[in-house]
Amino acid sequence: MNLFRWLLFLTFVACLSLTLLGLVLDIGFQVYYQPLISQWQKTRDQQLSQYRKEKAHFEQHSFFSSTEMESGEDFADFLLSRLNKEDPQALINKRLQSQVLSSGNEWTAKLNWIEPKEAILEIFNGIKLYKRWSLHRTLQSFPNLSAIELVVAGKIYLNHTIHKDYDNIKAALENVRHMARLLTQSENLNFQLAGLSLLEKERDVLDFIAARKLALTSEWQTFEQKELDRYRDFLFSTYEYFDLMNKPQQMNAIFVEDSLPTGFCSIYHKKRPLIANTVPLLTNSFPFEPTFQSHLDVLEKIDWKARENCQSYVERARKTLGLWAHLPYLRRIVAFKQIIDYKSLRERQ
């Protein structure tokens, strides 16, 4: 009988402790996290009309809008035949990358700067033959190939053309723009942003040509910086709308009921690992825990749409979570700390 009483007492203490823990953490959630969530949702609501206008603009954009893979040979096959699998830096080693990146806006004027590898010349001179690039296939074989490496390669290629092959400068600009187009159509955000960076290098070349009063066989129309900034900002906004802090109705309207935004697959691949590791913390509610089932239902619908529309969709394994992932109430706090810490890309670029 005494043992039974002790067990009953311990059960009472455990239940009371759990209730008090839940109450304390719920108060903490309501006092600290709920205002942040409410403010985030209010901002997204206020910006939604402008976001929809930007979405419509880029859906019709002559350069950024084509999200379907075009038919024909894959640039990935050509690239794999030109890169050295034994070289950890597929195109340019770290030292040369640093040298190029530290050259500032004066890189176009540097004489006898860096002689491009034969592979760089072959890649840029041959790229216009290809209308599609399965970037995920390239990265499977060369995981160390970085987006910045292609930007640096483009600068070296253009500098070489300016000073040693100027008769072909217009063709070189066309080749770099085609590389930028393939990159901005990719499903990797870092490489998409590298494509925008390559487009910015065109202005440096045109400024150099104008300053030296060099001839250009025909007029070259560069992208206005505000248009490149506009697309970059649109990608970052898509990242913010594809977020568990938003209202599920809002995410459903943007990503499920409507056509997917231009560049969505790159945002999906960037954000999905964080979401995949957060989902276990938001499921299987304990009593009195805030429920997020409506968010998870919408997320599942977005996942299915990604499967249908993203060429490089892969199922991502979830990380093994620690003890806190199984503690009632506390796991909600951990989940939203993760979400809030990574809610925006703007300050991290």
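Helices (H or I, at least four residues) and strands (E, at least two) are DSSP runs, numbered from the N terminus. The structure described here is a predicted model, in which local features need pLDDT of at least 70 and side-chain atom pairs count only at pLDDT 80 or more, while totals for chains, interfaces and linings use all residues. Residues are numbered from 1 along each chain as its sequence is written, and side-chain values use heavy atoms, with hydrogens and water left out.

**Salt bridges**

Side chains of opposite charge can pair when their charged atoms come close. A salt bridge is counted where a side-chain nitrogen of Lys or Arg lies within 4 Å of a carboxyl oxygen of Asp or Glu. Searching the whole structure gives 21 salt bridges. Three of them are listed here.

| Pair | N to O distance |
|---|---|
| D258 and R52 | 3.8 Å |
| E54 and R230 | 2.8 Å |
| D207 and R203 | 3.6 Å |

The bridge between D258 and R52 links distant parts of the chain: D258 sits in the loop between α10 (248–257) and α11 (264–278), R52 in helix α1 (residues 2–59), and 206 residues separate them. R52 and D258 also belong to a network of salt bridges that takes in K55 and E59.

In the bridge between E54 and R230, distant parts of the chain are again linked, with E54 in helix α1 and R230 in helix α9 (residues 225–241), 176 residues apart. By contrast, D207 and R203 both lie in helix α8 (residues 189–212), four residues apart, about one turn of the helix.

Accessibility is classed by relative accessible area: buried is under 20%, exposed is over 50%, and partly exposed is in between (1.4 Å probe, protein chains only). D258, at 28%, is partly exposed, and so is R52, at 34%. D207 is partly exposed at 40%, as is R203 at 39%.

**Cavities**

A cavity is a set of points on a 1 Å grid over the protein atoms alone where a 1.4 Å probe fits but cannot get out; lining residues have an atom within 4 Å of a point. Grid points are joined across faces, edges and corners, and a volume is the space filled by probe spheres set on the points.

The structure holds two cavities of 30 Å³ or more. The second largest cavity has about 40 Å³ of space. D243, L244, K271, L274, I275 and I339 line the second largest cavity. Helix α11 gives the largest share of this lining, three residues.

Methods. On a 1 Å grid over the protein atoms alone, a cavity is a set of points where a 1.4 Å probe fits but cannot get out, and a pocket is an open set with protein on both sides within 12 Å along at least five of seven lines; lining residues have an atom within 4 Å of a point.
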